[in-house]
Amino acid sequence: MKKKLLTCIAVICAVALVAVIVADFFLNKNTAASFIAMNTTVSLDITGFSCEKAAGRIKSEIVKLDEKLLSRTNSESEIYAVNSGKTEVSDELAKILTDLKQIEKDSNGAFCAGIGALSDLWGIGTDKAKVPSQAEIDAAIKNADKWSIDGNTVYIPDGVKLDMGAVGKGIACDYADEILTDFLSDDIIDLRESIITVGGSVKLDKFGSGPNAAFNIGIRDPLGEVNEHCAVLNIAPGCISTSGNYERFFEDENGKRYHHIFDPSTGCPADSGLLSVTVDAQYGYVSDALSTACFVLGIEKSLPLLEKYNADAVFITTDKEIITTYGDTESNLISITNDEYRLGELK
Ligand code: AMP
Ligand code: MG
């Protein structure tokens with residue numbers, strides 16, 4: 001009898017062990033996919049039982065977001081239609097434009113979604129890049145901030161074009177996040193961790209690991225090659241976006257560099273003493289819009305904007321100082337990995 005009981009216990013233990021091993025195998029399942037959308041590389045690195053299904057759905061949603069909603073050049077997108085005279089927009093686009101108008105106001109116009117005509121004029125990143133005349137610049141920025149949205153009705157003055165280039169990648173991260181959250185509520189065995197990279201925006205998630213879960217993320221060396229970083233951030237889940245003068249630019253015959261982030265008050269590439277700004281916020285559309293705005297504003301004028309959106313930033317200055325807004329208690333969040341750079345103080 002005793003022998004039978006022991007055999008029974010041993011069988012139960014063996015079955016439980018196999019179950020734990022199998023469950024752990026599935027929970028640690030990982031998928032890494034990458035594809036091109038929004039004129040950039042999108043990488044999906046997802047760990048957990050439903051990782052492949054989640055990656056498939058995220059891919060199709062991001063492609064759809066680009067082609068059907070935000071693209072300025074695809075004639076099937078809603079932004080294209082708005083730039084061609086359409087005035088009534090979907091609820092989805094109305095929400096995005098309403099949020100962006102608010103960021104325009106809060107950044108005193110440093111972020112300006114109506115900058116499309118100016119982007120077209122400079123053509124940076126295309127084979128038609130040129131330094132325009134002052135008269136052309138003046139005409140392109142004249143009414144850039146005069147577009148408006150009221151409910152689902154959008155008003156675009158003549159000559160103005162909306163450009164989602166500064167926020168599309170962050171919005172894509174938010175869409176990915178929504179899909180992952182759906183999977184969490186649907187599945188019994190679900191996801192563990194995800195890193196969604198859309199160009200310069202990265203959405204980091206850890207599921208069920210508690211508030212201390214953190215990621216190490218490299219910040220690109222603005223003066224180095226694509227895969228070189230100058231600092232590593234140790235941060236909690238959220239979304240980080242980087243705007244830098246190295247992303248898209250052209251040089252004139254004298255070697256002067258013109259990059260793609262414009263100061264809407266001058267119509268020229270922003271010159272605020274920065275090489276790059278990385279913003280860390282809860283939502284991708286916020287981190288992406290604010291990284292562009294902060295690049296234009298420079299360090300000091302960015303601080304109230306960051307505070308309003310409960311965001312932090314890492315500024316890299318033209319004299320190779322790295323300055324963060326993370327508080328004293330969190331100062332271990334950043335470590336310099338290239339000794340040409342030094343940590344500077346926020347004044
Ligand atoms: P990002 O790399 O996120 O800073 O976005 C840069 C892109 O946003 C540019 O290629 C333009 O399409 C657009 N852009 C440039 N300057 C601004 C600005 N001040 N406000 C909004 N969008 C901008
Ligand atoms: Mg941006």
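Rings of Phe, Tyr and Trp (its six-membered ring) are a pair if their centres lie within 6.5 Å; planes under 30 degrees apart are stacked, over 60 edge-to-face, and the rest tilted. In this predicted model, local features need pLDDT of at least 70 and side-chain atom pairs count only at pLDDT 80 or more, while totals for chains, interfaces and linings use all residues. Residues are numbered from 1 along each chain as its sequence is written, chains are lettered from A and ligands numbered from 1 in the order in which they are written, and side-chain values use heavy atoms, with hydrogens and water left out.

**Aromatic rings**

W122, F250, Y258 and F262 form one aromatic cluster. A search of the whole structure gives four aromatic pairs. The pair of F250 and Y258 is stacked, because the ring centres are 5.3 Å apart and the planes are at 20 degrees. Both of these residues, F250 and Y258, are buried (under 20% relative accessible area; exposed is over 50% and partly exposed in between, with a 1.4 Å probe and protein chains only).

Two other rings carry a charge over the face, which requires NZ of Lys or CZ of Arg within 6 Å of the ring centre and within 35 degrees of the ring normal. The charged end of K206 sits over the ring of F215, 4.6 Å from the centre, and R257 lies over the face of F249 at 3.8 Å from the ring centre.

A166 is in the loop between β4 (153–155) and α7 (168–186), whereas D288 is in helix α8 (residues 284–308), 122 residues apart. Helices (H or I, at least four residues) and strands (E, at least two) are DSSP runs, numbered from the N terminus. Both A166 and D288 are buried.

**Ligand 1**

Around ligand 1 there are 18 residues (a heavy atom within 4 Å), of which A110, D163, S243, F262 and T292 come nearest. Helix α8 gives the most to this shell, with three residues. The table lists polar contacts, pairs of N or O atoms within 3.5 Å.

| Residue (backbone atom) | Atom of ligand 1 | Distance |
|---|---|---|
| C112 | nitrogen | 2.9 Å |
| A166 | oxygen | 3.2 Å |
| F262 | nitrogen | 2.8 Å |

Taken alone, ligand 1 exposes 500 Å², and the protein buries 95% of that (Shrake-Rupley method, 1.4 Å probe).

Terms used:
Polar contact = N/O pair within 3.5 Å; in protein donor to acceptor, adjacent residues only side chain to side chain.
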